[in-house]
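Please keep the sequence and the structure in view while reading.

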Amino acid sequence: MATSRFIKDTGLTARMTLTMFLLGALFVGLVVGVIYAVGPGYAPIIAVAGIGVAFWQWWSSDKVAMRAMRAREVTPEEAPELHGMIDRLCALADMPKPRVGIADMSVPNAFATGRSPDRAVVCVTTGILQTLETHELEAVLAHELSHVAHRDVLVMTVASSAGIAAGLMMRGAQYGAMGRSRNNSALPAVLVAILVSLVVYAVSFVLLRLLSRYRELSADRAGAYLTLKPSALATALQKISGEAALTPRDDLRSNPASALCIVPALRGAGLGGLLATHPPLQQRLEQLARIQAELSRPAG
Amino acid sequence: MGLWEALRARTQPKRNNLDALFLVPSAAITLQTALGFEPTGTGSVCYRSAAGAAFAQTQDDVVALIRDDAEAPEVTVTQDDFGFTWLVVEGDASDPSGLCTDLHAVNTTLELNGFEGGLLCSMVPFANASGQRFGLTYLYKQGTFYPFAPSGEQSRDTLLELSVRDLLAAELPMEPDLQRWLAVWKAPGL
């Protein structure tokens, strides 16, 4: 376990633990439900298969993600500034240095993956290298490094295993229903199995998204405390998100009819908010503002 | 306020409460202790001048009124590129309550003489030791405050603005709609 000096947030940790617990309970519920519905024969196989798929995903996460993003690993000679920045951040956080990758894409983005902090890869796109200033890039890298330190790939994989098993079981139950269509008595049981796994899949989907949003906020927070510059991450997020700025650039005097503003302020969280993997920009900026206020409190 | 009033076009505009300006001195103390920001000693009122002698006389009266004050702060009246007039009061940085009284006097005088339609905003700039500045802006039409922190030619320090809002939310009526936090580029004192 890589011990590192990323700061901890107890409230966020509590909520994440609760979400993890609910996901685990869901997995157990699924297996028990299957035992009741299909009979004890299939359930352990499905559970093991679900865990197996999740394990494989986690084990090969670095290669799969790198290939999906068409990223290549770069040496310190190829990208000296990027490596230097990550070297210093890792020294600050007291964690092993991950490998560094660059993806040739114009979309500004960055991600971290890998089964453990020792095998991790931090990858940036060429788009983000062009879009961001040096201090903003450093803030984004600190965010990604805190994903590595928090072992987020492992956490998300474990959390998603219930969903994977449910997905497998839906398929299995469908084939089972086809194969045994002459045996009428087994049909309702198979239907129940399909229904249960559908529900499990849906619930685990929403919970996973919730967990993912917490992990993002947590990484924002840890990254901001590592660089001690929350404002750099804030400007970077605003640049990357491509959304309209949180506060308008228009002048008060050139816009006397500001009461008839065209862009409506976002109120409440709709379905989109429930299913998003990342928290809304405003929530992330508000958290960073609190961190900045904490950092800039006068000592005297 | 409802459909019936809207149908008759009798909606009541939001009433502002100018006395909120008197809450700024205590907010200034909070800002100093929590974020290290201090008032710069200046304050300004931005309004649209009306044509004619009546307005000119009102403006002269209010300038004379502030200059007659025992503290005798500097008062300047300038025009900006947008066609708005800024009445800037430069008082003592250690006396924000005197400054706010002056700003209140300007607002009420214009209001009492029937020029409240032209009043746009009042602003009290703050600065900290590292040179960051923001203007605590009072929107006359909404009766709410918001911070405006320019960080460059056309960029704003959103984090500073949000943290000022969080800090002062208990003391001042802060503007809840972020889209109304319109910029006031090149405001005097910023």
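## Domains of chain B

The bounds of a domain, as the word is used here, come from an automatic or database domain assignment. In this predicted model, chain B is divided into domain 1, which covers residues 51–119, and domain 2, which is made up of residues 122–182 together with 186–190.

The C-alpha centres of domain 1 and domain 2 of chain B lie 21 Å apart, and six residues of domain 1 of chain B are in contact with four residues of domain 2 of chain B. On the side of domain 1 of chain B that touches domain 2 of chain B, β4 (85–90) and α4 (96–112) of chain B each supply at least two residues; by class, this side has four nonpolar residues, two polar residues and no charged residues.

## An enclosed helix in chain B

Helix α5 of chain B, residues 158–168, is largely enclosed by the rest of the structure, because 10 of its 11 residues are buried. Among the buried residues of α5(B) are T158(B), E161(B), R165(B) and L168(B). What covers the buried residues of α5(B) includes elements of both chains, namely α9 (230–241) and α11 (281–295) of chain A as well as α2 (24–35), β6 (133–139) and β7 (144–148) of chain B.

## Where the chains meet

The contact between the chains takes 27 residues from chain A and 26 residues from chain B. On the side of chain A that touches chain B, the elements that give two or more residues are α9 and α11 of chain A, and the largest share, seven residues, comes from α11(A). The residues of this side of chain A divide into 13 nonpolar, seven polar and seven charged.

Notes: Residues are numbered from 1 along each chain as its sequence is written. Chains are lettered from A and ligands numbered from 1 in the order in which they are written. This is a predicted model: local features need pLDDT of at least 70, side-chain atom pairs count only at pLDDT 80 or more; totals for chains, interfaces and linings use all residues. A residue is buried if 20 or more other C-beta atoms lie within 10 Å of its own, exposed if 12 or fewer, and partly exposed in between; C-beta atoms are placed from the backbone. Helices (H or I, at least four residues) and strands (E, at least two) are DSSP runs, numbered from the N terminus. Two residues are in contact if their C-beta atoms, placed from the backbone, lie within 7 Å. Ala, Val, Leu, Ile, Met, Phe, Trp, Tyr, Cys and Pro count as nonpolar, Asp, Glu, Lys and Arg as charged, and the others, Gly among them, as polar.
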